[in-house]
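Here are my notes on this one, written as numbered points. Have a look at the structure first, then read along.

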Amino acid sequence: MEEIKPERAQSHDSIIKPADNGEAFQGEKDARRLAIEKKLVRKLDMRCSLFVLIYIMNYLDRNNIASAKAKGLTRDLNLNATQYSTCLSILYVGYILMQIPSNMIINKISRPSWYIGIAMLIWGAISTCSGVVTSFGGMLAIRFTLGFVEAAFLPGALLILSKWYTRRELTLRNAILFGGNLISNAFAALIAAGVLSNMEGVLGHAAWRWMFWIEGAATMFIAIAAFFILPDLPTNTKGFTEEELEVAQLRLLEDVGEADQDSAEEGAFSGLLMAVKDVKIYVMMFALTAYVVGLSFNAFFPSLTGTLGFSYIPTLLMSSPPWVFSTIVSMINAWHADRTQEKFWHIVIPMCFGLIGFIICMATHNTAARYIALFLQASSYAGFIVFYSWISSSFPRPPAKRAVAIAMVNAFSQLGNIAGSYVWKLDSNGYRKAYGIVTAMFGVAIILCFVFRTILVGLNKKLEAGEQAWETRADVVDKGNKLEHIEKGDEALDMRRGFRYLI
């Protein structure tokens with residue numbers, strides 16, 4: 001990545017530094033800075049909106065097997081219940097293995113848009129091949145490979161967003177990204193209903209095979225657009241003016257008190273070493289894993305809706321409204337989290353609504369109550385989205401460490417998806433046992449989130465104490481020389497003067 005050099009910053013002195021020649025002139029420059037920043041964010045939002053569509057296809061290609069199961073996939077491939085669960089879980093093995101290496105790569109390259117686009121082309125082709133398999137072994141191999149390639153997207157997208165947006169903006173943008181996940185939950189059932197009800201026997205093929213072919217082809221088409229639309233880095237992205245790129249870099253420096261770049265001395269594995277030594281990461285890893293086990297109901301949502309007693313197509317259609325509701329709740333929750341700069345309660349409160357939904361499903365067989373409970377369960381995703389922005393804001397610098405932190409937490413949490421694949425087994429009491437397990441997992445996640453918050457409160461107290469000591473030093477530098485002070489690489493507390501962890 002190109003470094004932010006002092007002389008380059010000076011070339012846009014009217015944007016970056018305050019002036020000494022009058023309040024009116026200073027106000028004019030502030031207005032210019034705000035206008036450039038507003039235009040930058042607007043253009044960035046438009047380009048990053050493609051991430052939503054990519055995430056929709058990422059999720060459809062991963063989870064369309066659930067809809068295919070209900071239309072004959074297990075029968076045609078002679079899969080028993082354990083084999084089907086293995087096909088679900090094996091995807092996350094490849095997903096886990098590739099996430100950390102992939103994010104280490106994407107943090108070092110100058111064109112992450114090409115990296116994401118190529119990965120999407122490959123996983124679209126692999127997903128298409130799901131429609132031609134004839135055995136358990138073939139489906140197992142395809143699912144493993146699909147997870148291996150799809151691993152590039154989510155942690156990579158989160159890293160790219162964190163290289164452009166400030167902590168005050170990031171939660172809402174993450175929510176918009178994860179909106180692709182929630183929208184895919186809402187519309188996957190509708191798409192499946194359309195394909196599976198109209199394509200059976202076309203050209204002699206089962207409808208579930210057509211679903212894989214159609215959705216895989218759509219993924220590859222969208223991948224081509226990613227090459228030209230997605231942003232790269234704030235130092236080299238085409239389509240932005242030089243002033244806009246300068247402001248993009250300055251915003252991140254002001255947000256954390258340190259430039260968003262790795263030092264020249266840091267090697268390829270420096271971020272990995274810094275990450276594995278940070279105890280905070282391990283707390284987040286186990287918290288998110290428990291959260292993911294609790295959210296495992298999403299892969300079985302059509303089956304849970306099916307317990308209401310309706311036929312196949314109405315069941316698919318009824319699976320959509322809870323996810324539309326979840327999308328709306330998630331956007332509001334993320335917006336408020338950004339506005340208040342608070343994370344813990346914006347994660348825990350949605351989980352509590354999910355817990356209420358789980359308890360209702362365990363306590364009653366009333367159809368209306370259980371359908372309302374599905375809305376409450378789906379709304380628990382709102383906290384999951386805020387959790388991801390908590391990762392980025394809690395490990396802001398250097399970028400190499402942030403890249404590994406995002407990948408480590410997300411990769412480890414996929415163990416929750418593997419475990420969740422075996423949780424939802426129908427027994428004589430319906431899914432009561434499964435609901436008991438996910439209720440316990442949400443409880444564990446809430447406790448670990450509280451532990452993490454307590455750690456951050458302690459770190460903030462240390463930062464405040466360090467600032468007070470810094471202010472009393474005889475050699476304190478004035479604020480006008482702050483940029484130079486940062487570039488000289490002073491001790492961490494000085495470099496992050498004014499920085500606070502978001503709790």
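1. Let's start with a definition: a residue is buried under 20% relative accessible area, exposed over 50%, and partly exposed in between (1.4 Å probe, protein chains only). By that rule R251 is buried, at 3% relative accessibility.

2. Before going on, keep in mind that this is a predicted model, where local features need pLDDT of at least 70, side-chain atom pairs count only at pLDDT 80 or more, and totals for chains, interfaces and linings use all residues. Residues are numbered from 1 along each chain as its sequence is written, and side-chain values use heavy atoms, with hydrogens and water left out.

3. Now the charged pairs. A salt bridge here is a side-chain nitrogen of Lys or Arg within 4 Å of a carboxyl oxygen of Asp or Glu. Searching the whole structure turns up 13 salt bridges.

4. R251 has one of these, with E169 (2.7 Å, N to O). E169 sits in helix α10 and R251 in helix α12, so this pair ties together parts 82 residues apart in sequence. (Helices are DSSP runs of H or I, at least four residues, and strands are runs of E, at least two, numbered from the N terminus.) E169 is buried too, at 15%. Salt bridges with shared partners join R33, E37, E169, R251 and E254 into one network.

5. R33 belongs to helix α3 (residues 23-48) and E254 to helix α12 (residues 242-256), 221 residues apart. What about cover? R33 is buried at 12%, while E254 is partly exposed at 45%.

6. Another pair to find is R173 with D45 (3.0 Å, N to O). R173 lies in helix α10 (residues 167-198) and D45 in helix α3, so parts 128 residues apart in sequence are tied together. R173 is buried at 17%, and D45 is partly exposed at 28%.

7. Further along, helices α18 (residues 344-363) and α19 (residues 367-379) pack at about 155°, with axes 7 Å apart. The axes are lines fitted to C-alpha atoms, for helices over the stretch in contact, and angles run from 0 to 180 degrees between N-to-C directions.
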